[in-house]
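Please read the report below alongside the sequence and the coordinates. It moves from the overall architecture to a cavity and then to a handful of individual residues.

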Amino acid sequence: MAAVSLSDGRTLLATTGGDATVRLRDPVTGKPVGESLTGHTRPVDAVAAVPLPDGRTLLTTGGGDHRCACGTQSPRRSSCW
């Protein structure tokens, strides 16, 4: 789990799971916000939020033998290796 600061001032939680996705959640309600971040083919074990100089946030995730990175503004556009 990682805290994700968005450019609009909100802070969300990025959570991982056994279903090979990462979800952004409201820290008060626990409800998902937006679409799940996809691209992994195995359970996701780790997530980290990296603030970029232009105000955007990059999420880096890992699971098994692969890693992915995506921006919080376009979660379906992930790059995995």
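The sections that follow describe the fold, the cavity and selected residues in turn.

## Basis of the description

This is a predicted model, in which local features need pLDDT of at least 70 and side-chain atom pairs count only at pLDDT 80 or more, while totals for chains, interfaces and linings use all residues. Residues are numbered from 1 along each chain as its sequence is written, and side-chain values use heavy atoms, with hydrogens and water left out.

## Overall architecture

The protein has 0 helices and 7 strands, and its elements, read from the N terminus, run β-β-β-β-β-β-β. Both kinds of element are DSSP runs numbered from the N terminus, helices being H or I with at least four residues and strands being E with at least two.

Of the 81 residues, 33% count as buried, where buried means under 20% relative accessible area, exposed means over 50%, and partly exposed lies in between, with a 1.4 Å probe and protein chains only. The accessible surface comes to about 4700 Å², and 53% of it belongs to carbon and sulfur atoms; such areas come from the Shrake-Rupley method with a 1.4 Å probe, and for residues only the protein chains shown count as cover. Among contacts (heavy atoms within 4.5 Å) with a separation of 6 or more, 27% are accounted for by residues 24 or more positions apart.

## The cavity and its lining

Rolling a probe the size of a water molecule over the atoms shows where empty space is left. The structure holds 1 cavity of 30 Å³ or more, and the largest cavity has a volume of about 60 Å³. On a 1 Å grid over the protein atoms alone, a cavity is a set of points where a 1.4 Å probe fits but cannot get out, and lining residues have an atom within 4 Å of a point. Grid points are joined across faces, edges and corners, and the volume is the space filled by probe spheres set on the points.

The lining of the largest cavity consists of 11 residues, of which Leu37, Thr38, His40, Thr61 and Cys68 lie nearest its centre. Strands β5 (57-63) and β6 (66-71) each supply at least two residues of this lining, and the largest share, 3 residues, comes from β6.

## Threonine 61 and histidine 40

Threonine 61 is found in strand β5 and counts as buried because its relative accessibility is 8%. Apart from neighbours within four places in sequence, threonine 61 is in contact with Val22, His40, Val44, Ala46, Val47, His66, Arg67 and Cys68.

Histidine 40 lies in the loop between β3 and β4 (46-51) and is likewise buried, with a relative accessible area of 9%. Its contacts, again leaving aside neighbours within four places, are Ala20, Thr61, Gly62, Gly63, His66, Arg67 and Cys68. The C-alpha atoms of histidine 40 and arginine 67 are 7.8 Å apart in space, although these residues are 27 apart in sequence.

Threonine 15 belongs to strand β2 (residues 11-16) and is buried, with a relative accessible area of 15%. Its side chain is joined to that of arginine 25 by a polar contact of 3.1 Å, a term for a pair of N or O atoms within 3.5 Å in which, within protein, one must be able to donate a hydrogen and the other to accept it, residues adjacent in sequence counting only if both atoms are side-chain atoms. Not counting residues up to four places away, threonine 15 touches Met1, Thr21, Val22, Arg23 and Arg25.

Methionine 1, found in the segment before β1 (2-5), counts as exposed at 70% relative accessibility.

## Two loop residues

Most residues other than glycine have a negative phi. Alanine 20, in the loop between β2 and β3 (22-25), has a positive phi of about 65° although it is not a glycine, and alanine 20 counts as buried at 12% relative accessibility.

Valine 28, in the loop between β3 and β4, is exposed, with a relative accessible area of 77%. Valine 28 and leucine 13 are 15 residues apart in sequence, and their C-alpha atoms are 9.7 Å apart in space.

Note on methods
1 Å grid on protein atoms, 1.4 Å probe; cavity = no way out; pocket = protein on both sides within 12 Å on 5 of 7 lines; lining within 4 Å.
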